[in-house]
Amino acid sequence: MTEVRTPLVGIVMGSRNDWSVMSEAKAILDAFDVPCEARVLSAHRTPDEALAWSAGAAERGLKVLIAGAGGAAHLPGVLAAKTLLPVFGVPIDATALQGMDALLAIVQMPKGIPVGTLAVGKAGAANAALLAVAVLALSDPALGARLAAWRETRKREVLGQTLD
Ligand code: RP5
């Protein structure tokens, strides 16, 4: 029988169309064997459900939230308003403003309700997951060892690059 593990990281995005970016976060968490849940919730289209999901996140066992949104990207901040868990925000290039709108919307949180804002797009989604791993590794030495090994591999990849 397959073991069902409580998700430690929640990945949320404002639209199914954000998944091509946010799946990068899921891929990183899967690589580190960190259980996560991923779902679509919108600050504007499903505000009540987004607020309820965030308000209950800690009680369900989640430790870190990752939220991606494009345009008027209020989702990370709205989730942060309803939880004490760390929230990482990923701006998504979804409009004619190419992610600059989402970046400014996510990064300019009012003092007192923080969102850790990542780079626009896939690099930001991957780095949000790596930050989540780093947070979890503070109380999980085995996970910390996997993170150190992952970084060592990246280092060796760079040092192994040759130029013709
Ligand atoms: C935001 O609006 C979503 O996060 C998405 O990036 C953007 C556009 O959503 P769709 O109209 O593609 O569903 O809420």
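Helices here are DSSP runs of H or I with at least four residues, numbered from the N terminus. The legends below describe close-up views of a predicted model.

**View 1. Asp 101, a buried acidic residue in helix 4****.** Helix 4 spans residues 100-107 and includes Asp 101. Asp 101 is buried but takes part in no salt bridge. The nearest side chain of opposite charge belongs to Arg 45, and the distance to it is 12 Å. When neighbours within four places in sequence are set aside, the contacts of Asp 101 are Gly 71 and Thr 95.

View 2. Ser 15 places an N or O atom of its side chain 2.7 Å from an oxygen atom of the ligand. For Arg 45, a polar side-chain atom is found 2.9 Å from a ligand oxygen atom. Gly 70 contributes a polar backbone atom, which is 3.1 Å from an oxygen atom of the ligand. On its own the ligand has 360 Å² of accessible area, and the protein covers 72% of this.

**View 3. Ser 15 in the loop between strand 1 and helix 1****.** Ser 15, whose side chain has an N or O atom 2.7 Å from a ligand oxygen atom, is located in the loop that runs between strand 1 and helix 1. Its relative accessibility is 18%, so Ser 15 counts as buried, the cut-off being under 20%. Apart from neighbours within four places in sequence, Ser 15 is in contact with Val 40 and Arg 45.

**View 4. The salt bridge between Asp 33 and Arg 5****.** The whole structure contains five salt bridges. One of them pairs Asp 33 with Arg 5, with 2.9 Å between the closest N and O atoms. This pair connects distant parts of the chain, 28 residues apart. Asp 33 is in the loop between helix 1 (19-31) and strand 2 (36-40), while Arg 5 is in the segment before strand 1 (9-13). Both partners fall in the partly exposed class: Asp 33 has a relative accessible area of 46%, and Arg 5 has a relative accessibility of 36%.

**View 5. The salt bridge between Lys 26 and Asp 30 in helix 1****.** The closest N and O atoms of Lys 26 and Asp 30 are 2.8 Å apart, and the two residues form a salt bridge. Both residues belong to helix 1, with a spacing of four residues, or about one turn of the helix. Lys 26 is partly exposed at a relative accessible area of 26%. Asp 30 is likewise partly exposed, with 43% relative accessibility.

**View 6. Lys 155, Glu 152 and Arg 156 in one salt-bridge network****.** A salt bridge joins the side chains of Lys 155 and Glu 152, at 3.9 Å from N to O. Lys 155 and Glu 152 are three residues apart in helix 6 (residues 141-159), so about one helical turn separates them. Lys 155 is partly exposed at 45% relative accessibility, and Glu 152 is partly exposed with a relative accessible area of 29%. Through salt bridges with shared partners, Glu 152, Lys 155 and Arg 156 are joined into one network.

Key
Residues are numbered from 1 along each chain as its sequence is written. This is a predicted model: local features need pLDDT of at least 70, side-chain atom pairs count only at pLDDT 80 or more; totals for chains, interfaces and linings use all residues. Side-chain values use heavy atoms; hydrogens and water are left out. Helices (H or I, at least four residues) and strands (E, at least two) are DSSP runs, numbered from the N terminus. Buried means under 20% relative accessible area, exposed over 50%, partly exposed in between (1.4 Å probe, protein chains only). Lys and Arg count as positive and Asp and Glu as negative; His and the chain ends are not counted. A salt bridge is a side-chain nitrogen of Lys or Arg within 4 Å of a carboxyl oxygen of Asp or Glu. Contact means heavy atoms within 4.5 Å. A polar contact is a pair of N or O atoms within 3.5 Å; within protein, one must be able to donate a hydrogen and the other to accept it, and residues adjacent in sequence count only if both atoms are side-chain atoms. Accessible areas come from the Shrake-Rupley method with a 1.4 Å probe; for residues, only the protein chains shown count as cover.
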